[in-house]
Amino acid sequence: MKNPQFFAIKKAEHWRDAARERELIDQRVPVSPQENGAHNQAEEQLLLLKTAIEQGNESAIIMTARPDSPGPEIVYVSPAFTKMTGYAPEDVIGKTPHILQGPETDRSLLSRLCEDCATGEVFHGETINYRKDRSEIRLEWSARPAPNDRGQVTHFAAALRDVTERWRVEEELRRREEDLRSLFDLSAIGMAKVSSEGRYLRVNRKYCQMLGYSEQELLQLTLYDVTHPDDREASVVKVNSSFAGEPEEYSIEKRYVRKDGAIIWALVNWTIVRDAGGRPLHSVANIQDITARKQAEAEREELLLRERAARETAEAATRSKDEFLAV
């Protein structure tokens, strides 16, 4: 049900009441055919609008424009309202919307609704309300003033929408996002979210410690800015190919240049994140410092080279000795 229908209902009700008053006068004063036609049209409009409301799925409530304590008085609720809240018309008519409130309700919502509608504004708000069985329901309120023929705001008309399931889904998504954020920020290895251009979108604390930059500094840089010059070309090729889908995941060992100029080695595991349509959004990389391992490998390689050189020297000396003895 659209909110303008509420206004039409109130006008039709006004016309109906006026028509009833005229019926008493009609006993003494003749009524023209045109006036009778207007009265009949108002009655028909009221009937049609009431039928549309009561057959619709939108929960509707009409209340008097009484902002002072105890507050607006409910004068009408739709069948959808009864189905959604469990309150029958006889349970709520003559009472205030406070009947829907409970421990978790934002009690300022009704005050803000009255203030906005009293000034002619349309009100939108969301809060936790309670059904007749006192179970929670999260409702989205859309209310507007309903003035009479003289322009005086006499009633407020509101449409109520159950957004409980949407709210639960959003809360679950927020909870998961918080969990992922905690895993990202508190990870023991460096993590970074990077755009297709290589610009940092997000970095965790460990990654900042690895490179010696603050989070704000890294967010102003690209991954190429901190990559060793000899490894930049390979990084560009890998990034471009991964966003093109060839492949979406890869691992690479590369060198970074810290803020203090020191060079570190890192193992980078890279994954592309796509939207529902399959378009690449960004990449998430795990960066593990392998400098110590690389140094150990280099030392081991150097030791092997020394051992090989010593062995070759010894073998050459043995050959020289054998040749001398043979002569």
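The model is predicted, so local features require pLDDT of at least 70 and side-chain atom pairs count only at pLDDT 80 or more, whereas totals for chains, interfaces and linings use all residues. Residues are numbered from 1 along each chain as its sequence is written, and side-chain values use heavy atoms, with hydrogens and water left out.

**Overall features**

The protein chain holds ten helices and ten strands; helices (H or I, at least four residues) and strands (E, at least two) are DSSP runs, numbered from the N terminus. Of its 327 residues, 34% count as buried, where buried means under 20% relative accessible area, exposed over 50% and partly exposed in between (1.4 Å probe, protein chains only). The protein chain exposes about 19,700 Å², of which carbon and sulfur atoms supply 51%; accessible areas come from the Shrake-Rupley method with a 1.4 Å probe, and for residues only the protein chains shown count as cover. Contact denotes heavy atoms within 4.5 Å. Among contacts between residues at least 6 apart in sequence, 45% join residues at least 24 apart.

**The sheet β2-β1-β5-β4-β3**

Five strands form an open sheet in the order β2-β1-β5-β4-β3, with antiparallel pairing; two strands pair if DSSP finds at least two bridges between them. The edge strands are β2 (74-77) and β3 (123-130), and each has a single partner strand, so one side of each lacks a neighbour in the sheet. From one strand to the next, the twist averages 25°. Axes are lines fitted to C-alpha atoms, for helices over the stretch in contact, and angles run from 0 to 180 degrees between N-to-C directions.

Isoleucine 128 belongs to strand β3 and is buried, with a relative accessible area of 13%. Apart from its neighbours within four places in sequence, isoleucine 128 is in contact with Glu104, Thr105, Glu136, Ile137 and Arg138. Its C-alpha atom is separated by 6.2 Å from that of leucine 139, eleven residues apart along the chain.

**The sheet β7-β6-β10-β9-β8**

Another open sheet has five strands in the order β7-β6-β10-β9-β8, and its pairing is antiparallel. Here β7 (200-203) and β8 (249-257) stand at the edges with a single partner strand each, so one side of each has no neighbour in the sheet. Neighbouring strands of this sheet are turned by 30° against each other on average, direction ignored.

| Strand pair | Sense and bridges | Bridge partners |
|---|---|---|
| β8 and β9 (263-274) | antiparallel, nine bridges | lysine 254 and alanine 266 |

**Nonpolar cores**

A nonpolar core is a set of buried Ala, Val, Leu, Ile, Met, Phe, Trp, Tyr and Cys residues joined through side-chain atoms within 4.5 Å. The largest has 26 residues, and those with the most contacts inside it are Tyr200, Tyr207, Leu218, Val226, Tyr256, Trp270 and Ile287. Two or more residues come from each of β6, β7, α7 (205-211), α9, β8, β9 and β10, and β9 gives the most, with five residues. Leaving aside neighbours within four places in sequence, tyrosine 200 is in contact with residues including Ala192, Val194, Tyr207, Leu218, Val226 and Tyr256. A second, separate core of 22 residues includes Val92, Leu110, Ile137 and Trp141.
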